[in-house]
Amino acid sequence: MAEKIARQKKPEQDPQIRRTNFLEVSGNYSPEQARREASRCLQCKNPACVSGCPVGVKIPQFIQRIKDGDFAGACEIIRADNYLPAVCGRVCPQETQCEGCCVLGKKGEPVAIGNLERFAADWAAVNTAAEARKPALPRAERAQSAVKVAVVGSGPSGLTCAAELNAAGFAVTVYEALHELGGVLAYGIPEFRLPKEIVRREIKNLSAAGVRFETNAVIGRLRTVDDLLKSFAAVYIASGAGFPSFMNIAGEDLNGVYSANEYLTRLNLMKAYQPDADTPILKGRRAAVIGGGNVALDAARSVLRLGAERVYLVYRRSRAEMPARREEIQHAEEEGLEFLFLNNPVQYFGDENGFVQKALIQKMTLGEPDASGRRRPAPQAGSEYELAVDTVIVAVGTQANPLLKNTTPDLPTDKRGYIVVDENGRTAKKGVWAGGDIASGAATVILAMGSGKRAAKDIEKYIRSA
Ligand SMILES: Cc1cc2nc3c(=O)[nH]c(=O)nc-3n(C[C@H](O)[C@H](O)[C@H](O)COP(=O)(O)OP(=O)(O)OC[C@H]3O[C@@H](n4cnc5c(N)ncnc54)[C@H](O)[C@@H]3O)c2cc1C
């Protein structure tokens, strides 16, 4: 009988060391390890993993190429369906998608599809960079003849839509409000999970392929969507859902209380961790991060890396309901994050200078499932206690920024401010599509990419039939 091969582990920095630096937590497979892991794939005739992937990557085929040692070929197969494999290999929730459907997972451990995707993407980036993402048409030819399309927002949804439309021969301009491109991939997810170099590399490839980028370009301020429609045949809105939500409890206006988005943006884009940064950040000793998703964990692990002695993750449900990726929860635990499950803040108190000093926390119990299917937390009367903290980071969700809605009166939005679209991302406003978090509400990188791809196909159809 053939030897049973165990799922291959990626190398990782020691938790005690990595909690003091911002370097990437996990390393990559060696080529031998990748081929070994690839050889675990059963090459199913009806691969369930593919139906678990929101963009339908041909998983068995790329894994077979890795097994055969054709790493560039493997990356090419992935890229046909997924423009950002090095990103997705690192941040996709594989356990609920492709790997969650792998038949090997029924009795043991699924094939490490995410790790293999990352391996192929990183290998190709180093070894085949010049060949990557050739433009469909030479740049000069396109500049004179091509129909123009505008994309608002440079997150994964905008980048994917731009890549697809560019490859189809359109002249694409991406407008980004911030000074750096990449959306959450740049300003949200920290370096230790997704090195910014990877995001820059993908954007450089797109730029070399002919996509134009304009940063510091806030659509709705500099120009409206209607202005864009005067010079572009179509507009794709992918402005994300980066507007922070707060709990609206007393003391949230104290110094030292941040939204996770503000905290992570200061850290990632404005280098706030450097002593001479223009936008310094309070380096707390005792921090409470409120929430249980990827955003909360990213913020909590960042404060830890800035030198906090104790970091509490305060979550009103239990571990089983945490929406964060399983791997990130495990990494956070190893790094010494203290989880306060079934706990919820009800008030913050400050010192005489208005700096947060302590949180009043209430214990919770779980009741019946709510609309999301997760058990609804209910407060336990008389269970309040005080927790000394000098930093609070609120990561309880985000919403749509109302700017585009307010400056585009005939753009249909739902009652929460998200743009209403059909299955192809088309809005009821002529020439305007939308996708990613601004249409779905806060979701995932791969879902945002999938909607960008569908919209690009529909935009192409619309322009060609005009
Ligand atoms: C901290 C954090 C960690 C996360 N971790 C994960 C993870 O591990 N795995 C996962 O799958 N998902 C994760 N997510 C969710 C994922 O990143 C998002 O679902 C995804 O980025 C949405 O993509 P998008 O393109 O729709 O929007 P975004 O990535 O939000 O990009 C939108 C862009 O539009 C720009 N913009 C906004 N308004 C305007 C305007 N008026 N004019 C011009 N530009 C504008 C913004 O500045 C931004 O750059 C995380 C999110 C956060 C915040």
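1. Tyr29 counts as buried, because 24 C-beta neighbours lie inside 10 Å of it; the term buried is given to a residue with 20 or more other C-beta atoms within 10 Å of its own, exposed to one with 12 or fewer, and partly exposed to those in between, with C-beta atoms placed from the backbone. Tyr29 sits in the loop between α1 (15-18) and α2 (31-38), where helices (H or I, at least four residues) and strands (E, at least two) are DSSP runs numbered from the N terminus. This is a predicted model, in which local features need pLDDT of at least 70 and side-chain atom pairs count only at pLDDT 80 or more, while totals for chains, interfaces and linings use all residues. Residues are numbered from 1 along each chain as its sequence is written.

2. Leaving aside residues up to four places away in sequence, Tyr29 touches Gln8, Lys10, Ala34, Glu37, Asn115 and Phe119, a contact being two residues whose C-beta atoms, placed from the backbone, lie within 7 Å. With Phe119 the separation is 90 residues in sequence and 6.3 Å in space, taken from C-alpha to C-alpha.

3. Thr265 belongs to helix α15 (residues 260-268), and Thr265 is buried because it has 21 C-beta neighbours inside 10 Å. Its contacts, not counting residues up to four places away in sequence, are Tyr187 and Met270. Gln94 stands 171 residues from Thr265 along the chain, and the C-alpha atoms of these two residues are separated by 26 Å.

4. Asn216 is not a glycine, yet it has a positive phi of about 50 degrees; it lies in the loop between β3 (212-214) and α14 (225-231), and it is exposed because 11 other C-beta atoms are found within 10 Å. Leu342, also not a glycine, has a positive phi of about 55 degrees; Leu342 is placed in the loop between β9 (338-341) and β10 (343-350) and counts as partly exposed, with 19 C-beta neighbours inside 10 Å.

5. Two packed helices are described by the angle between their axes and the distance between the axes. Helix α4 (residues 59-67) packs with helix α5 (residues 71-79) at an angle of about 170 degrees, and their axes are 7 Å apart; axes are lines fitted to C-alpha atoms, for helices over the stretch in contact, and angles run from 0 to 180 degrees between N-to-C directions.

6. On the α16 side the contact is made by Asn294, Leu297, Ala300 and Arg301, and on the α17 side by Glu328, Ile329 and Ala332.

7. On the scale of the whole protein chain, the division is into domain 1 (25-131), domain 2 (139-242 + 400-464) and domain 3 (244-397), with bounds that come from an automatic or database domain assignment. The centres of domain 1 and domain 3, taken over C-alpha atoms, are separated by 34 Å.
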